[in-house]
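Q: Can you take me through a model, one feature at a time? I would like the general idea, then the case.

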Amino acid sequence: NYEVLIQGKNSVSLALDSVMMFAYRPSDAEADFSHSMTHKSPGTYSVEMAFSLPGIWDLIVVAKQGEQEFLITKRVTISP
C-alpha cells in the first residue's frame with residue numbers, strides 16, 4: 001500500500017479532481033503500469049500496487065485540479 005500527502009500553501013489540503021500513480025521501470029518499459037489513487041483523508045491518497053519485477057522503478061504521482069497538474073516523483077528499489 002502506497003500513500004501520498006498532497007498539500008497546498010500553508011499545509012491546506014487541496015480538492016483534487018484525480019490522482020494517479022505511474023510506475024516506470026527504466027530498464028524494461030514493457031513492465032510499466034499505473035493505478036488511480038483513492039482519497040483517504042484530507043490531502044491523503046493511497047493505492048495498492050504489486051510490482052511484477054524487482055529492481056529500480058520511478059514512481060510518479062500526477063494530481064489534477066482543473067487545468068493544473070502537480071507531479072511528485074520518487075525512485076525506489078524493489079527487492080526480490
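The turns below go from the whole chain to strands, loops and rings.

Q: What kind of model is this, and how are its residues numbered?
A: It is a predicted model: local features need pLDDT of at least 70, side-chain atom pairs count only at pLDDT 80 or more, and totals for chains, interfaces and linings use all residues. Residues are numbered from 1 along each chain as its sequence is written, and side-chain values use heavy atoms, with hydrogens and water left out.

Q: How many helices and strands does the protein chain have?
A: Helices (H or I, at least four residues) and strands (E, at least two) are DSSP runs, numbered from the N terminus. Here the count is zero helices and seven strands. The pattern along the sequence is therefore written β-β-β-β-β-β-β.

Q: What are the overall dimensions and surface of the protein chain?
A: The C-alpha trace spans about 40 × 25 × 20 Å along its principal axes. Accessible areas come from the Shrake-Rupley method with a 1.4 Å probe; for residues, only the protein chains shown count as cover. The chain exposes about 5300 Å², and carbon and sulfur atoms supply 50% of that.

Q: What share of the residues is buried?
A: Buried means under 20% relative accessible area, exposed over 50%, and partly exposed in between (1.4 Å probe, protein chains only). Of the 80 residues in the protein chain, 31% are buried.

Q: Which strands pair with S5?
A: Two strands pair if DSSP finds at least two bridges between them. S1 (residues 2-5) is joined to S5 by four bridges, and the two run antiparallel. Tyr2 is opposite Val47 in S5. S4 (residues 38-41) is also antiparallel to S5, with three bridges. There, Ser41 has Thr44 as its bridge partner.

Q: What lies between S4 and S5?
A: The two strands form a hairpin, with two residues between them. Gly43 sits in the turn and has a positive phi of about 80 degrees.

Q: Which way do the side chains of S5 point, and are they buried or exposed?
A: S5 covers residues 44-47. Thr44 and Ser46 point one way, Tyr45 and Val47 the other. All four are buried.

Q: Where is phi positive in a residue other than glycine?
A: Most residues other than glycine have a negative phi. Asn10 has a positive one, near 60 degrees. Ser11 has one too, of about 60 degrees. Asn10 lies in the loop between S1 and S2 (18-24), and Ser11 is placed in the loop between S1 and S2.

Q: Why do Asn10 and Ser11 count as exposed?
A: Asn10 counts as exposed because its relative accessibility is 73%. Ser11 counts as exposed because its value is 52%.

Q: How many aromatic pairs are there?
A: A pair of aromatic rings is described by the distance of the centres and the angle of the planes. Rings of Phe, Tyr and Trp (its six-membered ring) pair if their centres lie within 6.5 Å; planes under 30 degrees apart count as stacked, over 60 as edge-to-face and the rest as tilted. By this rule there are five aromatic pairs. One of them is Phe22 with Tyr24, stacked at 6.1 Å centre to centre and 5 degrees between the planes. Phe22 is partly exposed at 22% relative accessibility, and Tyr24 is partly exposed at 33%.

Q: Why is the pair of Phe51 and Trp57 edge-to-face?
A: The ring centres of Phe51 and Trp57 are 5.0 Å apart and their planes are at 65 degrees, so the pair is edge-to-face. Phe51 and Trp57 are both buried. With Tyr2 and Phe33, they form one aromatic cluster.
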